Amino acid sequence: MLYAGFWKRVLASIIDNLLMWFVFMILGLIWFVIQAIGDWGSSSAATSLLTDGSPPIFTMKMVGQTLLNWGVMWLYHAIMESSKCKASVGKLALGIVVVDEFNQRLSFGRASARHWSKFISAIILCIGFIMTAFTARKQALHDLIARTYVVDKRELNHILREQAERGAGM
C-alpha cells in the first residue's frame, strides 16, 4: 500500500484551510451585513450603559464564532471523509483518501474521532502531525488514535479491484 507522506498531507491541509478561509470570509461578510442592519435601530446610549468603553478580551460573539468555526470544520472533515469520496477537497486534489484498517471508508463516528484527535496532535507542539514523517505507515497521532490511514487513491482502487477479482474468481 502506498501511504501518503508528510508533505503531500501538508499540501492537502493547506488547500483545505484556504477553502475554509474562503467559506469563513463569506460567512463573516454575511454576519457583518446582518449585524450592520440590526445596529441601525440601536442607540449608542443604550450600548454605553452596557460597557465601560474598554474593549472586552472575550465576548460572547467571539466565543460563539469560534465554536461555530470549529463545528463547521468538524462537519466538513467528518462528512467528507466518511462519504463516498473518503477525503476532503484538499486530499481529493492530491489523489489521497482516508481509510480504516480494512481499506474501507470511515464511519462518521470514526471520522469525527479522527478530526477531534487533531487537537491532541496540535497541543503537543504539533509533534502529532510531524510523526507522519517518521512512522512506517505514515500515520499522524490522530490516525493512530482513530486507526486510520491516508493512502494513494489509485493504489487503493487497484488493490480493491484485485481483491474483487480474486473474490469473483473463487
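What share of the contacts in the chain with a separation of 6 or more comes from residues 24 or more positions apart? The figure is 69%, with contact taken as heavy atoms within 4.5 Å. The model is a predicted one, so to speak: local features need pLDDT of at least 70, side-chain atom pairs count only at pLDDT 80 or more, and totals for chains, interfaces and linings use all residues. Residues are numbered from 1 along each chain as its sequence is written, and side-chain values use heavy atoms, with hydrogens and water left out.

As for the fold, the chain has eight helices and two strands, arranged along the sequence as α-α-α-α-β-α-α-α-β-α. Helices (H or I, at least four residues) and strands (E, at least two) are DSSP runs, numbered from the N terminus. Of the 170 residues, 28% are buried, that is, under 20% relative accessible area with a 1.4 Å probe, protein chains only. Carbon and sulfur atoms hold 71% of the accessible surface of about 11100 Å², computed by the Shrake-Rupley method with that 1.4 Å probe.

The unreviewed UniProt entry puts "transmembrane region" on residues 18-37, 57-76 and 119-136; such annotations may be inferred rather than shown by experiment. Residues 18-37 are 100% helix and 0% strand, and their end C-alpha atoms sit 29 Å apart.

Beyond neighbours within four places in sequence, His-115 touches Trp-70, Met-73, Trp-74 and His-77.

Terms used:
Buried < 20%, exposed > 50% of the residue type's maximum accessible area, 1.4 Å probe, protein only.
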